[in-house]
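Subject: Handing over a structure

Hello,

Here is the structure I promised to pass on to you. Please open it first, and then read my notes below.

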Amino acid sequence: MITNQQEALANVAVIGLGKIGLTIAAVFANNNYNVYGSDINKDVVATINQGKSHIVNEPGLDKLVLTAHKSKNLSATTVTAEAVTKSDIVVVIVPVLIDNQYNVDYQLIDAAVKDIASGIKKGTLVIFETTIPPGDTQHRFGKKIEELSGLRLGEDFYLAYSPERVYSNRIIEDLKKYPKVVGGVNEKSLELAVKFYKNALHCELIEVSSIETAEFSKIAECVYRDVNIALANELAQFAETKGVNMSEVIVASNSQPYSHLHTPGIGVGGHCIPIYPYFFINKGLKQGMTRLARTINDRMANYAIAKIEKELGSLTDKNILILGLSYRENVKEPTKSTTLLLMDQLTNMRSNVFVNDPLFTNEEIKSYGASPLSLQDKFVSEIDVVILQAFHDAYTDLSFEEFKNCMLVLDGRNKLNKNEISSLGITYRSIGNEKPKEEL
Ligand SMILES: NC(=O)c1ccc[n+]([C@@H]2O[C@H](COP(=O)([O-])OP(=O)(O)OC[C@H]3O[C@@H](n4cnc5c(N)ncnc54)[C@H](O)[C@@H]3O)[C@@H](O)[C@H]2O)c1
């Protein structure tokens, strides 16, 4: 049972020790909580119990994990029920996914909830942080815990939801910087969750009136981004037909305080923005902007390929190099990457597709069905077309001098040096900044 005096020294279970779970577990542990992490992956558990982080490219995380390990404030197990039994607060950050038909896939989190129910004791506060369809914390997970444990929701155990809003590569910074939105199933649940986050994260808190409000706010954030990127993509395509430079338009328009035009690009990927809109769409949101935005953004890969075809004609047998398997710059995350859409289409057109990504090994690139190509490989001189999909730092000073036969560079993120590329006799094309060939 949690009391106010015990708060800063409470035992906390963090269920799911992935990129987010391990980071919050390490932050809680460094803020004086005894953290019992649990994960089904025994390699992850073993690494953490050696004081090491299995997550790459997350500034500050290695140090936090090591410090927490040395102070004995962080340990990990594969037995979730055990971690839960030892704890007064349980934080769940196990993913909810989506299948190929865009149906919500609860398998992982349902299994975690079952384990929580078998370890939970009276007085425990359970907080869900995973992005989920509104209503699920209480009506799917809370109900299940109640049913399996025999404890009464809101009386014998407390339930809250607080979305994780951080950005990869700067999770620790964002945990301090972004206000934490918190909703509870009742007043006591909210009060306990708010006290916990105040001590455990030292961040600003936004208390909302219901669990559903907190759940809805996270999906709404993602839909906002998706719809606004789709709008930028739509305007960028139209700007091209008018010979207007969209990058200039954005700077000019956004000098007015109510205009927040986003940046157009070759596509939207990752495990958040292209996925979470379906948590509304599949739960009753009628046809409209949310769905349309998904379609517009997913069609950007076709648009980019059509642009190249307009310049070069058929892409059959052309050697095409895509830069970046990751969905975005500097993150090793291929989920729903636009590169996968590009590869599918180009392979159907019988182009020879190569992928370069300094964040992945050749074996990892091959596991996505792609042929890896190092930028140091002599074969770059045989490449006909380069498509920039993710602008990793490693590409900042990329020179195209060795791309002796390259006819066209499609800059999907509007980041490359147009003048330098053009000076080599290579056609430069981007998204929203040049007229297509037949319009010239
Ligand atoms: N990564 C991000 O940038 C980000 C940003 C905002 C919010 N989120 C939210 O955080 C969630 C987790 O993201 P992540 O990047 O940490 O995912 P991740 O894939 O890195 O980690 C998930 C972890 O959960 C473990 N797991 C799976 N089933 C389990 C079970 N039944 N019991 C215990 N552990 C289990 C996996 O082994 C894995 O280590 C996302 O689904 C999303 O809702 C993520």
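Throughout these notes, a residue is called buried when its relative accessible area is under 20%, exposed when the value is over 50%, and partly exposed in between (1.4 Å probe, protein chains only). Please keep in mind that this is a predicted model, in which local features need pLDDT of at least 70 and side-chain atom pairs count only at pLDDT 80 or more, while totals for chains, interfaces and linings use all residues. Residues are numbered from 1 along each chain as its sequence is written, and side-chain values use heavy atoms, with hydrogens and water left out.

Let's begin with tyrosine 276. With a relative accessible area of 9%, tyrosine 276 is buried. Look for this residue in the loop between helix 10 (246–253) and helix 11 (277–281); helices (H or I, at least four residues) and strands (E, at least two) are DSSP runs, numbered from the N terminus. Beyond its neighbours within four places in sequence, tyrosine 276 is in contact (heavy atoms within 4.5 Å) with Thr131, Ile219, Cys222 and His271. Isoleucine 98 is 178 residues away from tyrosine 276 in sequence, yet their C-alpha atoms are 8.7 Å apart in space.

Another loop residue is glutamate 164, between strand 8 (158–161) and helix 7 (171–177). Glutamate 164 counts as buried too, at 8% relative accessibility. Leaving out residues up to four places away in sequence, glutamate 164 touches Ile20, Ile24, Ile93, Glu129, Leu175, Lys180 and Lys218.

Now to the ligand. Of the 23 residues around the ligand (a heavy atom within 4 Å), Gly18, Lys19, Ile20, Asp39 and Thr131 come nearest. Polar contacts are pairs of N or O atoms within 3.5 Å; within protein, one must be able to donate a hydrogen and the other to accept it, and residues adjacent in sequence count only if both atoms are side-chain atoms. A backbone N or O atom of isoleucine 20 lies 2.8 Å from a ligand oxygen atom, and for a backbone N or O atom of lysine 19 the distance to an oxygen atom of the ligand is 3.0 Å. Helix 1 (19–30) and helix 5 (107–119) each supply at least two residues of the shell around the ligand.

Finally, have a look at helix 13 (residues 300–312), which has 13 residues. Its buried residues include Met300, Tyr303 and Lys307, and the buried residues of this helix pack against several elements, among them helix 9 (211–242) and strand 14 (385–388). Just after helix 13, glycine 313 takes a positive phi of about 80°.

Best wishes

Notes:
The expected span of a helix is 1.5 Å times one less than its number of residues.
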